[in-house]
Each structure stands twice: as C-alpha cells, then as structure tokens.
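Reader: I'd like to learn how to read salt bridges in a protein model. Could you walk me through some cases?

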Amino acid sequence: MIWLFLVLLCNILHSSDQSHLEHSDHLFVTHSEGQRSLDEHHSALDKGSCSTWSTGHFSTFDHYLYDFSGTCNYVFATVCDETSPDFNIQFRRGLNKTIERIIIQAGPNTITVDKSGISVKDYGKIQMPYTSNGIQIAPFGHNTRLISKRKEMELAVFWNNVDYLMVLIEQKYRGRTCGLCGNFDGQELNEFLSDGILLDPYKYASLHKIDDPAEICPFEGMTTPTIPQNKDAALCFQLLRLVSPSCNISKKEFVIRCQLDMQDCSNPGHSNCSCATLSEYSRQCSMSHQEVTNWRTKDFCSLGRCPGNQQYKECGSPCLKTCSNPEYSCSSYCTYGCFCPEGTVLNDISQNQICIPIEECPCTWKGEIFAPGHVIKATCRTCKCTMGQWTCTEQPCPGTCSLEGGSFVTTFDSKPYRFHGVCTYILLKSSMLPHNGTLMAVYEKSGFSSSETSLAAIIYISEKEKIMISKNEVFDDENELKWLPYTTGDITIFRQSSTHIQMYTPYGLEILIQTGAIFQTYIKVGRHFRGTTQGLCGNYNGETTDDFMTSMDITEGTAPLFVDSWRSGYCPSAVERDTDPCSMSQLNKICAETYCSVLKMNTLFQKCHSVVNPDPFIKRCQYQACNYEETFPYICSALGSYARECALKGIFLWNWRNTVDNCTVSCTGNQTFSYNAEACDRTCLSLSSREIECHPTDVPIDGCNCPKGTYLNHKDECVQKSQCPCYLKGRKIILAEQYTVIDGATCYCINGNLTCIGKSMNLLENCSPPKKYISCSASKGSKDGVACAPTCQMLATGTGCIPTKCESGCVCESGLYEKLDGTCVSPEECPCEYGGISYEKGEEINTECNTCTCTRGKWKCIQNSMCSSTCSLYGEGHVTSFDGQHFAFDGNCEYILAMDGCDMAKSPHTFKIVTENVVCGNTGVTCSRAIKVYLGNLTIVMADKTYTIYGSNPLIHFFIEENTLHLIIQITIPGKYNMTLIWNRHMNLFIKLFRETKNHLCGLCGNYNGNVKDDFETRSKYLASNEFVFVNSWKDNPLCGDVSFAADPCTKNPYRKAWAEKQCSIINSPVFAPCHNKVYRMSYYESCVRDSCGCDNGGDCECMCDTIAVYAKACLDAGVCIDWRTPDFCPVYCDYFNSHKKIGMDYSYVNEVNCSWHYRPCKCQNMLPVTEVNVEGKIRLFAFFRVQAVLAKCVAMVSHK
C-alpha cells in the first residue's frame, strides 16, 4: 500500500505545477528558507566533498559515482606522497554492508568511531559536544560532524553510525589526494588511474587497503551487482523528484544507485530500500543550495521520533539557536534532522531539550538557574531575568581604593597598578573633604633593591588638623604620639582589632588600616565624592581609562609618570620593575609558586572562584614573595587580599589562615583570634563611649579581640566588666570601684562607666641666584629645609608639603618655583610634563582625543569632536579590550569580538566581528585563523593572507587599503560608527572604533563604557569572575567546548623559555626606550614570552615578531615611531617586490630596475595620525568602495606657537 501510495504521489508530483504543490499538502512544500538564511559563501561549494552511503556507493571529490562494498579496512581519503599527511581517513564495512569503523587522523589527533561510540587517542571515550586540541565533534542534524581546524588546515567529516560517511576538504588539496575518494584533479573519468592504466574500482580499491595488525584481508572483487534492473527505474526517478523537483544535480547516476539498493535490499523493490540514496541526493542538493522538500513520512524513510517538541525538517539550519545564544548563525548548508519550531529556541540552560519562545528563557547566575522575571540583588546592582539575559540597574555604592602588598594600588574605578617610590604622595584630594582636606601616603625603603619600597604611613591634613598613622602609632600636628582611641574635630581613630586601625569621619571618608606584618590601607568614600577626587586613587568618575590623570590635568600612559605628578615634596622619581623578580632565583620562584598556588588548589579558596578570579592575586602573590626579603608576610598579605575581595562579594573564607602555612596570627594575653573582630562591646571604653569605637567595616576583619563577655582595658588585658576602668579627658584613668571629684561631684567607676553624685650630608653652602641655601642645623634654619622647597610640580598639585624629614640645600627665592632642570621661574612660566618630556608655557600637544595647551604648569585641554578606542586581538589568544582589559585564552571555536545590538529586547546588530580561533601549537595554544566581519547582508572574510567580500549593503561605506604587512579596512556605518580594521594577514587584528552614539557594545572586546571593571560582562549580562566564563559566553557556536584554563607553554616547553625571554627582551631594551613612558610594556613582554614558547610548530620567530609588532603598534598609536626591525631581527624583505610582480595569484620575477619598495617603520615618523591610521610597511591604495580616498596627513605631536 505504501508503495502504491508513493507511486500515486510521484505521478501527481510529475504532472502538477509548483503553485499546486505548495498548497496541496505539507509533504510537498519546497523548503528554501534554510538556504536563504545562510550566505552563499557558507555552502560547501568551495570545498571538495566525497561520500559513501548505503551498501557501497561512492561519490568522489570529482563527482564520479561508482560502487564497491569491500569489507577490509580502506583509505577513504588522504594526502598522497607525504610521510605525515595533514589528514588520513580510513573506514571498514561489515558483512552486513554497514560501516563498522571509521578512523580519522587529523594533525596530531586520532579519532575512532565504532559501534561502541567515539574514542579520542590518549583520552578515551568522549561525549558530544566535544572540543579539544583543534577538533570539534557535535551533532549535525541527524548526523554527527567532526571539524578539525588548525592554522594550516581545515577538515570536516560527517557520519550517521550506519552507512554514511562524507569528508569535506579545502581546494588547496586539489590534485593531491589518494584513496577511494579519488585524486581531486577536477577530471571525473580518470579517478582510477594507476601507472597510466585505468583500473576497475575494486582493483583500484585494493591499492588502498590497509590491514589491521595481525590481519591479512583477502583481495575483494566486485561483490555488488553493477547492472541495475530496469523495473525500478521509473519508481526511483519519481522518488528522486519527490526529494527535490527542481534540483539540477543529475538524477541519472542516483537512479542507478536507487535501483541497486532496491535489488540488494532484504525486501527487494520496497521503496524504503532506497532511503540511503534518497538521503544522499537530498544532502547533495542542499549542499548546492538547491531546494528540497519535507519528503519523509512516519512510514517512509523516517528519522524516528524527535526529542521534546522539536520538529522534522529536511532542510533545517544546523546553526542551533539556544537560550544562551539565540542569534547564532554559522557557516554551513542546511541538513535534515530535528529542529526547533519557528519562533522558538532550544532551552540549553535547563538541559531538557525543549524548544521555547525566547521570552521564556531562564538565566544563570553563579551556576544557578533562575526563571524569567526573577530579581537578584548583587554588589551595587539589581538585575532582572529577561529573555535569557540579566537586565541590570546600578545601585548607589561607595568607592573603594586600596593600597596593598607594599606596591600595589587599585583606584576607585578599579584600575590596578604597581610602582616603587620613596616619597610622600597625594592619595586623595576632593572638594567633598572639609577645610581643604587631603589624604597622603608615605612610602619608604624596605630593603636593599630599588623595588623594595613599601607603604609606611597614612597622613590626613586639613586647615584644622594633621594626623599621621603609621604601624601601631598615631601622631598629631605637633608630632605628639596619641593613644587610641583618639578624637580630633570630626575625626575618630580607634583600633578595630589587634591588626586593624579604623579612621571614621561623618563626611563620607572612612579609612581602614591593616597594621599587621604588611602595612595596608583601604579608603572608602561616599557616592557624593564621585567625579571630584584626584590623586593616586584616581578621579572616581566611573571610567578606568582616564584614572592616570596627573596633577597637570593630562592622562599619562604609565604608572610611574602618573605617580610622580602627585609627589608632595622633593623626591626621586618612581620606578616600575622591568623584570620578573622570581626570575632572579629558582628557589624563590619555586617557593612563591608553591605557596601562592593555594589560591587555586585549596578547597576553601575554591569556594570563591566563581565570584573572584584568583589569577591576578596569584601573580601579585608571586611578585611580592620574590620582590621582598620577608617572603611569608607578603604571601599572607596577598592571600588575605583575596579573602577580603571574596568577602566584599558575600563569600566569607572563615578559617583560611589555618589552612595555609605561616599565616596564623598569635594573640597576646588572654585575647582570642577571630575572623570577625570588632572593637564594639569588646573594650572597656566602648562601655561608656560607644560613639567612638562602634563603627562597622565593609567586610569582617580578622585580628585579636577579647572573648565575648570580657573587655580590653588600658593594659591590653581582657577583664570582666566589673574590672573595667573609666576614662577621663587627658587619658586619665579611674580604676574600677574607685572615685574622683569632677566639678565638685563625686564620681565612682562602676562597670566602666562613671556614676556621679550631688641626620643627612650637607650640600655646599653656595647657591646660584636666585636660589638660597637653607640649613637644617642652623639655629634659625627651616624645620623642613629643601624637603618642602616650592616646585612647579607641587604648584600643579595645589597641596601643601608634608615633609618626612628636614634636608639642607638650595631653594628658590620666595615667589619662584623650581623646574625639573633645577632652574627657578615664576608660576606663570612653569612648564608642563607629559610622557616624561617637559613642555614650556604655551606649547601644545595633540592627542587623538584632545588638544592641550600648557598654562601655568597645568594642561588646559579641549576635547576633539570624536574620540576612538582600539581593541586588539593578537598572538596566541591575547585580547586587549576597548577599555584596556588584558587577558589570554586558548579557545578552539569562533568567538564574537565586537558587536552592537546586544540587548535581545532591542534593535538587532548592525555589525558583528568574529574571530575563528584554532590550535596553532603542540602545547594547546590557539590563535586566530580567520576574521569575519558581518555588516547586514555584506560579509568580509579575512583569511589565508587575503580577503573575500560576499553580498552587499548599500547603507555601508567602506574601502580597503593594502601594504606589504597589513590589510586596512575603513568602514562607515552612517550616524553610528566609523571603524578601522588593521589585520597583519596572520594572527593580529586591531579594531579602532569611533562612535557617534553611546550604543552598548559587547563581545570579547568589552562593552566600551570606559570602565575596565565590568569588561567581563557575559552574553547574559552576568559579570563573570574570570576570563574563561566570559570567553565561553561569547562563543559564536554554542556546540563548541568550553575553555577552562590558559596553557602555560613555557612550562610545557621549558627549554624554549630562556630563548624566548632573551628575544623578547628587546621590548625592555633601549630600542623601545622612547615608548616606555607612553605605553606600559610588561604585559606585551609577558605575551611575547608566552607566544614564543608556544609557537612550536614552525614559524617560531614569526610568532615572536608578531607580538613585538603589537607593542610597536601601541607605541605608534601613542605617537612614538620605533624603528626596531633589522636584517637580523624580524626583517621585512621589501626588496622582493622591486623584482617581482603579481601575476594571477603568484609573484613572478621580472628583469626590471625598480627601487620603489622600501620598508618604513611608520607612515609619519614621530607624528600622530589624525585622518588615517599610522602603520609600518609600504602603503599602496588597493581598492575603493563607495568612498573617495582621503590623502593621509601627518600632524606633529608638538606644535610651537
């Protein structure tokens, strides 16, 4: 009956027109939406495809169809005549003609597919989806797909665990393949040539038989009948038309295979016998973007029941849209299988395989699942789950600045930096502090090396008071030692625990000082301070990018120059250590790595990993442990900083000190240690004056306090309440149960309450006018000497000097100020500093965003109409976001770098930039293989050192410019963005973006809001604790595996590390010295070393040179052109182009005299680009699209008026 029904349907199909088909029954509806949703360049047309199906039908790379059903192990496809071919695919059929085993060798990977499942060599059985070492294995409709992508090769293999196997290879293998798939030379009829003789398929197949160990598989002749019976021809033809009435792939050869299937079937002549061939025809039509119908039914070639509420489609998009990635699009043709109904996405968050409207998608937060509409209150924000994303609103939160570990500072806007200096620096100035209050920090030497400097004291000074807090000591304006608690004006200072002193004010400034082994300070200010602060703690305006605003009102590029501008007094310049202190001693390095690794390995600290990334704290811990002589106090300091950060996020690591060595705190007397210590109700003073000591802290602090029910007295003893003394003014004490007379009244001390009844080397004393000599030893000399001599730098800070000691020397006469060169000038003539260079009055500097004029020692800047920011992707997975966040990852997938339209509830994106990262080293490191720019219906793909353009978009204007080293694409999206993409034709990409609106951006390049603090915002708008959670959320393909760590190639290749450090040291050398004050170099140096260790598949120097070129480009963006390449170091062979011309795709030698090509380190030496980008190489304009060329202009960085 089924057979008769199908014949009837086929006759109807043959005689009916297309319009009748579309309305007669859903079975015949022609499906092309799958194809239309995918760009044509995403098909398999540009790849070579070979397949086998049913009992032994083959379609070669050159589209020759033949039949062979041997049961030995055969090479399906490989690269000929290579000892280590890029790929080798073998398979074996069983006696029942189904495929029993597939062996796929791709690069270093070997994958075996058999009836028991999928196995990966050196790993074992795997579950899908699987991603590792350059391979991805995941469902592809009703089939399974393996993709192997490496820097030099891309391969795709498909199978269905029954009788189907297909491989897709790149065109570069044309004419180089062997195996049952033929030679891929474009000639259909010469597939079986051997030594010039055309063989029968079975004889040719025997040449590619590879026996298993201990196996001798006999020669196999032709076992499948090759002459089909004509009685099934008409039915097969009608069945193929049922699959696709309009497909232009020849049906003739498929009719023959269908007939053979009918003959070889266990139920000869039954239409279901032809399912494998019909499926192959459907597949080939889909791959060629031909229309196919939903031709299967429950009783005819059924795929079985679909899971959940998914529906069968013959042409469905394998680009699986999910709650995690509802806008996913990918490079693939359509395929048959089970898919979500239109208007729904797969709920991959709840893992129940149900398709739901996007409005019903849940959200995740710290690994938990929350239903739509759920509201969560997090740190400083309230978030609501909407369409699978968190919609968050910021809540008022105080600003916190921290000084930790001797040399580490984190600003109010969360910018971390490090410096080493010996001076008094201005931490905080603000109009919110009464009486011109200023907070300062005193840094002193703590060892022999220049980098062993540490925070020694905190000073608060105003017109009414001066307080200096050092380790366990508090001094007032007269340098008089004060007992704690101490109150002056509105300021109260008290000891919160044995290791913490707290300073409280009613105007929004609170300071918590850790006085343990390492002196550390945490400064908290209220929200009303926002945008009013200056100093080392930054400007607290919500943007990290301008936190290095100097006292001269200009933003510096490096920490030492920024710090120096906030010196309060005459001090040497701050420095930043160039080298890793752990590299100086292997013993120190091992010790630091061992003890600091507890942040990763200790189960207690692991409780916080989902909220606070431990990696920055580990790096800080190792630096401190190796930099300072006192190793363990600094290690414990770093661990304590991590515990504090966790507490700020609501996770309390109680008892952490007991789980690590050398970090416990000993308590004196009968005091006890607590992780939640506080002075309130723990001291005798708090019994009578709660307002002095009863002030809370942001997070619990540790230290020693009296046990509950006892109180600390004046002798640091814990006593009962009845034994507490009473405190009078002037630090007088009345012991328990004694009395005194106050203003005529007799007062008794009961339970802590009063109850009343009825020297330096001198300089030569000859100073050149207009300077005069001041001696500290003279009877009428200054008490400060030159320590507070007026300088132009102090004039810029606008803050009085706080000397730490008196120094004799020459000072300028009254009314004059000293410049850096030691000369004296009037305040109007004071110069300004930028990038370590001094600029005289009236001089201008032009940066990309500002034009600044030097006036009275400060910069007066006018912002330009448009400013840009640059995101960089370079080397082996390094990213620098638009807001300056640096991170690295080893991901083998396609990732969204940048896009707009990030809110699912709002407008779609107008641009999307995607990087395709692949494995490019034996240690597992990955790098970018291709860049794809999606601009509506226009797509630009950059790969294999060239580019391809697909589609068009009349609303987008762009032009493309080439030089020998770079491809530069200028893109304009009217009314929204101007962007420049600079690609080095290898692994590096720079995205320079001007935007005319404040549209929210997203992706690995961050949200471009100026604040690095929230750059790890995931696709669901959840703020990730580390880069791996963040990176995983921006996979463009949800089936890719997750990244969980970044490989350390120098650990895996230790023999390469010394070479890498030596070669990369050019970044720290005098060659780049002009840039050191402009661009922080250590992150680039570390990236260079990592990449040089990891690039072990050839091209070692290319990887190293690429990373150094990124630092050179950053210098160029800052206005410094570095000529760093030499004939012996990262050379550029420009002279090649003087004697070769491009003919077709290749270059050929021409015997002509041509000397026009020369290498240049930049277009505009020592100048900043304004109208176009400044890059190295030899520039030539390549092509224009809808935009006129603009002549490049070089604008000098400094112009003299």
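Predicted model: local features only at pLDDT ≥ 70, side-chain atom pairs only at ≥ 80, totals over all residues.

Reader: Why do Lys-841 and Glu-829 count as partly exposed?

Author: The class runs between the buried limit of 20% and the exposed limit of 50% relative accessible area. Lys-841 has 46% relative accessibility, so it counts as partly exposed. Glu-829 falls in that class because its value is 37%.

Reader: Which residues does the network of salt bridges with shared partners join?

Author: Shared partners join Lys-149, Glu-154, Glu-170, Lys-172, Glu-894, Glu-916, Arg-929 and Lys-932 into one network.

Reader: Now a helix, please. Are Arg-283 and Glu-280 buried or exposed?

Author: Both are buried. Their side chains meet in a salt bridge at 2.5 Å, N to O. The two residues lie in helix H7 (residues 275-287), three residues apart, or about one turn of the helix.

Reader: And what about Glu-645 and Lys-649?

Author: Their side chains also meet in a salt bridge, at 3.1 Å from N to O. Glu-645 counts as partly exposed because its relative accessibility is 26%, and Lys-649 does so at 30%.

Reader: How many salt bridges does a search of the whole structure find?

Author: The search finds 36.

Methods: Residues numbered from 1 in each chain as written. Heavy atoms only, no water. Salt bridge = Lys/Arg side-chain N within 4 Å of Asp/Glu carboxyl O. Helix = DSSP H or I, 4+ residues; strand = E, 2+ residues; numbered from the N terminus. Buried < 20%, exposed > 50% of the residue type's maximum accessible area, 1.4 Å probe, protein only.
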